[in-house]
Amino acid sequence: MSAFEPEILQDFLTESGELLDALEGDLVALEQTPGDSPLINKVFRALHTIKGSASFLALTNLVAIAHSAESALNAARNGQAVVDRAMMDLLLQAVDLLKRQMDELRNGQDLTAPQPALIAGLNAIAEGKAAAKPTGAPTTAATATIEPPTASVNTGLGTGRGSDGGTGGGEFQATPLELGPGQVDLFDFLIADLDESLKKVESLLGAVADPSTRAGSTSGLSEQAESLAKSVEFFGAGEMARLSRLLGVAAESLSDLPAQLADQALARMRAVSWVLSKQAEGLREKQLRAYATGALAEHLESIASGQEPPSELKVDPAQPVERVLALEGVIAPAPVAADVAASTPAPRADDHAEPAAKSAEKGPEKSAEGGEGKAANVEQTIRVEVNRLETLMNLVGELVLQKNRIAAVSRQLGARLAGTPYHDLSENMSLAAGNLDRVAADIQLAVMRTRMQPLDKLFGKYPRLIRDLSRKTGKQIELVIEGGETEVDKSVIEELGDPLVHLMRNSADHGLEPPEERVATGKGPVGTITLSAANEGGSVKVLVKDDGRGLRREKIARKAIERGLVSESDVANLSDKDVFNFIFLPGFSTADQVSDLSGRGVGMDVVRTNIEKLKGTIELASTPGAGTTITITIPLTLAILPAMLVGVADEVYAIPLDAILEIVRPTAEQLTSIGEHPVMRLRETVLPLIKGSDALALPPEKQNADQPFAVILTQNDKRVGLLVSR
């Protein structure tokens, strides 16, 4: 377990949790479009970010699985591996383990170690070999063991030179790299990260050197430099971290600098990259190398802020990087004979790096890594504890109540002061009450919006579910998601997740037919489940629709008769909708066989109960042979509900507005009774009537109060008239 402060751990859990939520959906999408390079890069960056943060927290088991998954994806990025089903199975298993480890971290438990077979399978892909199929079979310990590097360690303080001869390595002071227990386990990951990060830095430097590709690459270079800084900082390489961050700061400023200053900055950025590569060589040998970079850092920082360097410090951008390093005092000046090199093309900082022009040509990869540059209108967000939003919402509720009270007082004053010398006071009071009403409504709307989240956050989890269901059922299933941008209250999203899982399992297991059955009936072999959402007034409609075999009325009716829910004579008078609604009853199932997905009759009643808890409704429609549609209607929010005030005798009650269909004043001809139960004829229907005084159990002296109005209430297609006084 990491010993970092709870706040740091919480930030890691929040950020990584969001990345994992998006990662699962992106992986499923990638399986459908394995050649989507930007998507591969997006998934790779998410894993890289999680691994980098976990490395900082010394979460060894988490880093191990994230690193292997990242390495496998890197092979796909480089064209050394193909994203197929076998690879995706391994990657999704890795994501499942990461989620489990996040839960363990959240609960203060030790993190589960990755299965050696899973690590071996991912590493096989990373090495360009066939993916090892993960099994529960034990493997040798060597497949998951991280061996320490065998490079020699410089144990003393002194100076050294690079292996390239001359001043190629520069003058540096070396101190031993001391590793703690958690750092030893992660050392190999650091070295692998360094190699990968420095290659990206060099490639992106080539891209930002070209004015035509600069705007789309500076942000990527800045992010890569920051990622590098975090990795080496964990191992105590402070100078290397400072230089990395300076490189990132300079990259961000390039687009705003005049061409001449940008050239001066780029020359020194290449010099910084050179120093970083040499310090990375030192880390491989478990030594920290300190170079004389004070002047170089100071001058680069000054130029990046827009200041012209003195004439004696201006450099020719075409000069070799060694000339810039010598000018800045990082390495000793080369012999005069080496001036001949000025007539040859300038070498890159890394002997194995590609030329800048070639790097700049790599549009797709560079663009994916660096994005499109920082947009001018970058979205600004801030995380706020849910409890604070709850408190704010409660205060807004109180504000709305007081606003209503002031409005009532204003109306009373207006009635009493009309025609008196205080009429102007009444008008001012009415104006102030109106303004307060407007401001309170705006505040209420603004606070409610802080709790609203797009349904994409929920819908994004279901492509993985459908993929797994397709594998389990042996059916070909396509999931279509529409309206994910529709926003609802956070609490509604949390309660809606489980019902939707039940409904999609039913659609996959019962609704959709196997491919051969679909083809035999003239359909395509691939079944479709559509999950859609849309705003409708103050509510949201969520539809789960499939194009499967549909519900069979006869089968459901027969099961209902067997259970004694309806007589055989009465079932013929029921509508299809009434018959279909039997499936929402506890324990009701028409499945011939119980599977591990459905068929026990404990799903649909739970769905209905959960939806009713949300003050919502659920409806079912089906056409034999064409499919089934389930419609869920839920309120946008449960935090504040509009209500109508009604009076019964001298008491006042609030009824949620979405439960009211209409209000009528029944005539004597409309009122009658069936047996001892009062009813009301309303157009083509007959509705039961309930006296408000009875429903609210008012004392006897209030039972005979006049109650001439009928408020027509509805829930789940059932209607009743509630008699009230006003």
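Student: At roughly what angle do the axes of helix H9 and H10 cross?
Tutor: In this predicted model, the axes of helix H9 (residues 238-253) and H10 cross at roughly 155 degrees, and they come within 10 Å of each other. An axis here is a line fitted to C-alpha atoms over the stretch in contact, with angles from 0 to 180 degrees between N-to-C directions, while a helix is a DSSP run (H or I, at least four residues), numbered from the N terminus.

Student: OK, so which way does H9 run relative to H10, roughly parallel or roughly antiparallel?
Tutor: That crossing makes H9 roughly antiparallel to H10, a label that applies to angles over 145 degrees.

Student: And which residues of H9 make the contact?
Tutor: From H9 the contact (heavy atoms within 4.5 Å) uses Glu239, Met240, Leu243, Ser244, Leu247, Ala250 and Ala251, and these face a set in H10 that includes Met269, Val272, Leu276 and Leu283. The contact residues of this pair divide into 11 nonpolar, 2 polar and 1 charged, where Ala, Val, Leu, Ile, Met, Phe, Trp, Tyr, Cys and Pro count as nonpolar, Asp, Glu, Lys and Arg as charged, and the others as polar.

Student: How far apart are the axes of H10 and H11?
Tutor: The axes of helix H10 (residues 259-284) and helix H11 (residues 294-304) lie 9 Å apart, and the two helices pack at an angle of about 150 degrees.

Student: Which residues of H11 meet H10?
Tutor: Leu296, His299, Leu300 and Ile303 of H11 meet Leu261, Gln264, Ala265, Arg268, Met269, Ala271 and Val272 of H10. In this contact there are 8 nonpolar residues, 2 polar and 1 charged. Met269 and Val272 of H10 take part here, and they also belong to the contact with H9.

Student: Changing topic, at roughly what angle do H1 and H4 cross?
Tutor: The axes of helix H1 (residues 6-32) and helix H4 (residues 85-106) cross at roughly 160 degrees and come within 10 Å, and H1 and H4 are therefore roughly antiparallel to each other.

Student: What does H1 bring to the contact with H4?
Tutor: Among the H1 residues are Leu9, Phe12, Leu13, Ser16 and Glu24, which meet a group in H4 including Arg85, Met88, Leu91, Asp96 and Lys99. The contact of H1 with H4 holds 14 nonpolar residues, 1 polar and 6 charged.

Student: Anything to know about the numbering and the model?
Tutor: Residues are numbered from 1 along each chain as its sequence is written. In this predicted model, local features need pLDDT of at least 70, side-chain atom pairs count only at pLDDT 80 or more, and totals for chains, interfaces and linings use all residues, while side-chain values use heavy atoms, with hydrogens and water left out.

Notes
Angles under 35 degrees count as roughly parallel, over 145 as roughly antiparallel, 65 to 115 as roughly perpendicular and the rest as oblique.
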